[in-house]
Structure formats: structure tokens, C-alpha cells
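Biologist: I would like to go through some labels on this model. Let us take each one with its cut-off.

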Amino acid sequence: MKVLGIIAEYNPMHTGHIYHISKAKEITGCDTVIVIMSGSFTQQGNIAIINKFERAKQAIQNGADLVIEIPSAFASSDAGNFAYKSVSILNDLNVDAICFGAETDNIERLKLISETLIYKDKEIWIEIKNELKKGISFAKARNNSLNKFLNEDDINIILSPNNILALEYLKTLKVLNSNIIPFAIHRESNFNSHILENCYTSSTSIRKALENKCNLNDIQKYIPENVSKYLKNNKIIFNNDFFEILKYKIISMNENDLKEINGVSEGIENKLKKEICNSYSYDEFLFKIKSKRYELSRIKRILVNILLNISKDDFNLLKENNSNYAHILAFNHDKKDLLSHISNTSNIPVISSLNNKTLSYLNKYQKLSLDIDIYASNIYSMLINQKINKDYTNFIWFV
């Protein structure tokens, strides 16, 4: 059995994702696909518009064989931590290959750039800190710093949003000394694009259209039938839907409590406390907090950390200790041998159902991480008016 790993969010799944699964199997020669997918919250600090169990099922129905969850503490983290956790879990599952989208499919060039970023990491960060003292944004400071270590063409590759995660995946493979073989597929759309495009389009543009109450017929050609059916018959949610819970959380915390939340620094806790009282929607609050030092994506991730009670101490414990596990969200019953294969070869617990027996196999760091996943799911269930603790009752056998 040759196993391919794909890191995804499927928020929502669209035709580009289906193409990616099919093309990735073709170029890697793998016959089985494990997808590690964000759960209730995603890397850009957004709540997923469809719950994780349904998105996992949709992935199985469109070409994946097994879907596991990226632990929530890392699913809504910066690109480096998101990539490291996702790749390290796939590495612990001993997958043979990994395939991701990028602006360039020249994997050797991407590898060389990623290695430069590893070897020059300390020097680059020194330069970034010096640049930040000038009062410029982090993005500008990083760009200025990279100019001292890389040529213009390489910098353009780094700065493309389609390549940021690709380079982080490659850095992680190098740091782990992994045997996983990486492959890149040229992206047909910009994943940050807000505009519906002709052939393939981004999940961002589909979400934006849905948030603007588009006619579903306008996005029909971009999404598979099972996703379209779900969107027609179920409530979908956006960040503003959790604003009241977030508001309560911030109001109930003092500045010292907020300072302990992962990602909070440089006095932003004071601004959070001040502006939450003057804001009547998520977007209004977000833009009142935005500054040169704090870009929107960073603020959104902080807000998710507040919502999920992810402290700096807890996050560091999860990073520095063995907190990996494979929590299965959905499975292709036609690939029964895959489940036994990964159970026999995995270096981490493989969780197909949550009960006292499976929980007894976990160490305290894995339990801490899983508790955050369950908490995130329960918040999601409340927002869509469904029963909580779905992680304990999820039926994973899908065809």
C-alpha cells in the first residue's frame, strides 16, 4: 500500500480540491489518500462554514480514503505551526508522499528556498526585529529582511500566498528528517482570491459569495453535488455568528487574563478590552483592533485563541511535548485495510472512537490537545443549535 498525505481545510470543498486529489494520486503513484483537515476553525482564524464531520464525509465522497483532524490549537495557528503539526502527524503515520498546491510546481527550487530559510532563520529574525523598530508592519519588515538573504526571484516565490504554506511544509520535512517525498501541483487559482473565477476558484471566493447571500446557482459549477445539497438544506455560519460568545469571553476576562492568551503581546489586551465595548459586530471589532503591527489574520487567530481558552503556556506545552494523535473524522469503508495499516505502523495513537479505553492510551499532552478539539466542536454545535459532544458519537464509517 502506498499512502498519500494531503493537508486541507475544504472550507468548503470545491472542484479544485477534487482535481488536487486525483492529480496528486496520479503524480505520486499512491493508491490511498489520507487527508489531515482543519476542524471547527481554520488557519486564517475563521470558523468553518460547515461542521468538520460533514466536511470530512464530503471529502470521502469525493476521493479521500481517510480524514483526520488537525488539532485545533494548531489548525488556527500561524503558517509555521500549522504546517509543522500537520506534517509531523503525517510523518508519525508513515505516509509515503505529500502533495500540496503552490504557485510553482518546481519542487527542487522550493526545497532550496526552504533550506535557506531554515539555515538563515536566526539571522532573518534578527533583521526582522531591527526592521520592526522602525514602526513598520510585520509584512514589510519581513520583506526588507529577506532582501538581504535571497534574490528577487526567490523573494517573489516566498511572498506569493500560494507558496507560504508549501515552503513551511518543506521546512518541516527537512527539520524532521522525514522520509516523506514531497510533490507540488501548480495552483489554478489564488486561495486568497475573493472573486469567483472562470474554471477553478478559491474557497475564499465561495465563502464570500455565500456570506453576501448569493444565489446558489452562481457557485454551482465550482462545488460538487454533495456540498451543494448540504448548502441548500443546512445553516452555514461565519465569524460574526460567534461574536456574542467572544464578547462575553473578553468582557469576563481582565487584562492580565488576556495577556496569557496565545498570540497576545505588545499591549493589545488593553485595546481588546476597550474596543469590545464599542463594537456591535465581529467585523467592526476586528477593524478597530487592526494596526500596522497586528494584521487581520493575526488578530483573527488571537480571537479564536480567546474563544477556545488557548493560553501561551498550554500552546507551548503542546509544541514542546509529544501531543500528536490521529483523530479520525471519516473513513472509506472500501479501504478497510488502510485502517489496520496505519494502526499497525503509526507512531501515535489512532483514535477511531472516543471512549474511556481510547482515552487511557493518551498522555496528558494529547488529552489537553484533544480537550481543545472537543471544546471547539461543542461551541460549533451550539452555534448551529445541535447537541454537543459530537466527537463522542461521530459515526466514522462512510463509503
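Modeller: Buried means under 20% relative accessible area. The model is predicted.

Biologist: Why is F315 called buried?

Modeller: F315 has a relative accessible area of 4%. The limit is under 20%, so F315 is buried.

Biologist: What makes the pair of F74 and F315 tilted?

Modeller: The centres of F74 and F315 are 4.9 Å apart, with 35 degrees between the planes. Ring centres within 6.5 Å make a pair; planes under 30 degrees apart count as stacked, over 60 as edge-to-face and the rest as tilted. So F74 and F315 are a tilted pair. F74 lies in helix α3 and F315 in helix α17, so the pair ties together parts that are 241 residues apart in sequence.

Biologist: How do you know that F74 is buried?

Modeller: F74 has 2% relative accessibility. That falls under 20%, so F74 counts as buried.

Biologist: What makes K85 a charge over the ring of F74?

Modeller: K85 lies over the face of F74, at 4.5 Å from the ring centre. The distance cut-off is within 6 Å.

Biologist: Why is the pair of F100 and Y169 called tilted?

Modeller: The ring centres of F100 and Y169 are 5.5 Å apart and the planes are at 50 degrees. Stacked needs under 30 degrees and edge-to-face over 60, so this pair is tilted. F100 is in strand β4 and Y169 in helix α9, 69 residues apart.

Biologist: Why is T42 called buried?

Modeller: T42 has a relative accessible area of 2%. The cut-off is under 20%, so T42 is buried. T42 lies in the loop between β2 and α2.

Methods
Residues are numbered from 1 along each chain as its sequence is written. This is a predicted model: local features need pLDDT of at least 70, side-chain atom pairs count only at pLDDT 80 or more; totals for chains, interfaces and linings use all residues. Side-chain values use heavy atoms; hydrogens and water are left out. Helices (H or I, at least four residues) and strands (E, at least two) are DSSP runs, numbered from the N terminus. Buried means under 20% relative accessible area, exposed over 50%, partly exposed in between (1.4 Å probe, protein chains only). Rings of Phe, Tyr and Trp (its six-membered ring) pair if their centres lie within 6.5 Å; planes under 30 degrees apart count as stacked, over 60 as edge-to-face and the rest as tilted. A charge sits over a ring if NZ of Lys or CZ of Arg is within 6 Å of the ring centre and within 35 degrees of the ring normal.
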